[in-house]
Amino acid sequence: MRVIVIGCGLAGITTAYFLREQGADVTVIDRAAAPARETSFANGSLLTPSLADPWNSPGIFTTLVRSLGHEDASMLLRLGQLPQIWRWGLKFIANSSRSRYEATYLENVRFSIYSQQVLHDLLQQHPLQFEHAADGTVQIFESEKAYTDGIKVGHWLKQVNIAHRPLDLAELVELEPQLTPIQDRLFGGIHYPADEVGDARLFCEALHVVMQQMGVEFRFSEQVRRIEMKNRRVESLVTAREVLRADRYVLATGSDSPLLSRQIGFRLPIVPAKGYSLTLPVADPSQMPRYPIIDDSIHAAVVPLGHDRVRVAGTAEFAGYNTEVRPERIANLQGLLRKVYPDLPIEDRKLETWCGLRPMCADGRPIIGGSPLDNLFVNTGHGALGWTMACGSGKGLADLMTGEAPAYDLTPFSYSRF
Ligand SMILES: Cc1cc2nc3c(=O)[nH]c(=O)nc-3n(C[C@H](O)[C@H](O)[C@H](O)COP(=O)(O)OP(=O)(O)OC[C@H]3O[C@@H](n4cnc5c(N)ncnc54)[C@H](O)[C@@H]3O)c2cc1C
């Protein structure tokens with residue numbers, strides 16, 4: 001079976017890897033010059049089943065309305081976007097009832113745990129270097145109410161085998177001594193020991209090297225301009241250089257997926273949700289924090305990477321396909337870093353800023369599986385969970401396409417739910 005995968009971010013490269021492993025003849029095509037140059041480039045680095053909650057939580061409508069005109073809102077809707085996203089927005093809000101939110105949350109957690117297992121199996125075979133650490137994550141809370149609510153969530157997640165350890169203030173500071181300077185304003189924390197971190201771009205680059213040795217063809221700096229179809233099948237892909245043909249095709253183009261699917265007659269309910277990250281070297285590695293610190297109330301995380309870098313990532317902006325790095329959003333994240341680690345010796349001069357567009361699906365789950373076209377498959381819409389779910393998504397789709405007995409039932413993620 002000859003397959004062309006469009007997109008070489010986390011979703012595309014993992015799908016291509018597992019397809020090749022199962023014997024397919026695979027080509028990956030991407031408009032960028034290397035793997036993971038768009039949303040998979042400098043994300044929050046978190047592999048966190050514990051944080052697999054969909055963003056359309058009960059109350060999201062009010063949050064979005066309140067954000068209008070507030071540049072510093074952690075989740076910001078720009079008024080000018082309403083004409084483009086109203087259809088998606090109605091679905092997003094319709095899925096924010098308590099029952100739907102909880103069902104999606106649990107499904108996402110189960111799938112994230114599966115994905116973590118697939119990643120571990122892959123690493124047994126190929127010990128890739130991507131600053132992987134498996135110490136868990138720590139959520140911090142400033143008030144008793146927020147802490148108690150957090151503990152309730154922790155207990156609730158036990159039904160899907162997520163372990164947690166509540167930490168009072170003394171225990172929190174003992175676990176992560178770098179929080180000592182801010183202990184006066186903290187109430188407590190929760191340690192989720194099974195969460196992990198790793199640099200997604202380094203992972204994709206390392207996997208790319210392995211896949212070249214496995215015989216996967218990569219075509220970089222080549223954009224798919226048009227998808228030709230006939231009788232409910234993809235006939236060919238038209239790029240600036242060539243017309244390419246295969247037996248089957250995979251659409252793994254992140255936030256651009258709905259733009260391409262519309263060309264061939266079907267809608268994917270996905271919009272871009274812009275987010276930012278800052279990556280900074282720590283001048284004195286002996287002061288490196290050990291744990292990723294999650295402040296979920298503001299959708300942001302401060303994550304140690306390797307021996308001498310920290311990354312702050314988060315915030316969400318519904319601003320279309322605009323990828324301008326806005327100074328006020330960067331200032332927001334710098335403020336957050338300083339709020340969590342006021343004394344950390346960071347080298348501001350070497351600050352790396354980045355923004356990316358999360359492919360956000362209206363019901364908070366990715367879309368993995370077949371499409372209305374017989375030989376086109378999709379792997380997209382992972383929103384804020386594309387790294388956490390990458391390996392499970394790639395393996396799951398490859399199983400489906402090659403007819404292997406699927407280790408995970410992908411029905412909850414199929415396109416047919418729309
Ligand atoms: C600030 C931020 C923080 C995040 N933090 C986390 C986190 O901590 N944990 C987590 O699990 N997830 C996180 N995410 C989400 C995660 O990064 C994304 O879900 C994931 O990267 C999406 O991967 P993808 O392969 O679908 O898309 P992409 O990485 O964008 O890949 C799509 C690829 O398709 C290519 N492409 C598009 N159109 C075409 C075309 N016409 N022809 C050829 N190529 C094309 C693009 O060049 C691109 O390389 C975060 C996202 C952001 C923005």
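**Notes on the predicted model**

1. Helix H1 passes helix H10 in a right-handed crossing. A crossing is right-handed if the near helix is turned clockwise from the far one by less than a right angle, and left-handed if anticlockwise. The contact (heavy atoms within 4.5 Å) involves Leu-10, Thr-14, Thr-15, Phe-18 and Leu-19 on the H1 side. H10 contributes Ala-390, Cys-391, Gly-394, Lys-395, Leu-397, Ala-398, Met-401 and Thr-402. By class there are 8 nonpolar, 4 polar and 1 charged residues in the contact of H1 with H10. Here Ala, Val, Leu, Ile, Met, Phe, Trp, Tyr, Cys and Pro count as nonpolar, Asp, Glu, Lys and Arg as charged, and the others, Gly among them, as polar.

2. On the basis of the numbers: this is a predicted model, in which local features need pLDDT of at least 70 and side-chain atom pairs count only at pLDDT 80 or more, while totals for chains, interfaces and linings use all residues. Residues are numbered from 1 along each chain as its sequence is written, and side-chain values use heavy atoms, with hydrogens and water left out. Helices (H or I, at least four residues) and strands (E, at least two) are DSSP runs, numbered from the N terminus.

3. H1 covers residues 10-21 and H10 covers residues 390-402; the two pack at an angle of about 45°, with their axes 8 Å apart. That angle makes H1 oblique to H10. Angles under 35 degrees count as roughly parallel, over 145 as roughly antiparallel, 65 to 115 as roughly perpendicular and the rest as oblique. Axes are lines fitted to C-alpha atoms, for helices over the stretch in contact, and angles run from 0 to 180 degrees between N-to-C directions.

4. H10 also packs with H4, at an angle of about 85° and with the axes 6 Å apart. H4 and H10 are therefore roughly perpendicular to each other. From H4 the contact takes Phe-111, Tyr-114, Ser-115, Val-118, Leu-119 and Leu-122, and from H10 Ala-390, Cys-391, Gly-392, Ser-393, Lys-395 and Asp-399. These divide into 7 nonpolar, 3 polar and 2 charged residues.

5. Where does helix H3 bend? H3 (residues 82-94) bends by about 40° at Trp-88, the bend being the angle between axes fitted to the seven residues ending there and the seven starting there. Ile-85, Trp-88, Gly-89 and Phe-92 of H3 are buried (under 20% relative accessible area; exposed is over 50%, partly exposed in between, with a 1.4 Å probe and protein chains only). The buried residues of H3 pack against several elements, including helix H2 (60-67) and strand E14 (270-281).

6. Gln-116 lies in H4 (residues 98-125) and is buried at 11% relative accessible area. Apart from residues up to four places away in sequence, Gln-116 touches Leu-47, Pro-49, Ala-194, Asp-195 and Glu-196. Gln-116 and Glu-196 are 80 residues apart in sequence, yet 8.9 Å apart in space, C-alpha to C-alpha.

7. Leu-207, in helix H7 (residues 200-213), is buried with a relative accessible area of 0%. Neighbours within four places aside, Leu-207 is in contact with Ile-13, Tyr-17, Leu-122 and Leu-128.

8. Most residues other than glycine have a negative phi. Asn-161 has a positive phi of about 65°; this residue sits in the loop between helix H5 (144-156) and strand E6 (165-168) and is exposed at 69% relative accessibility. Ser-221 has a positive phi of about 55° and is partly exposed, at 46%.
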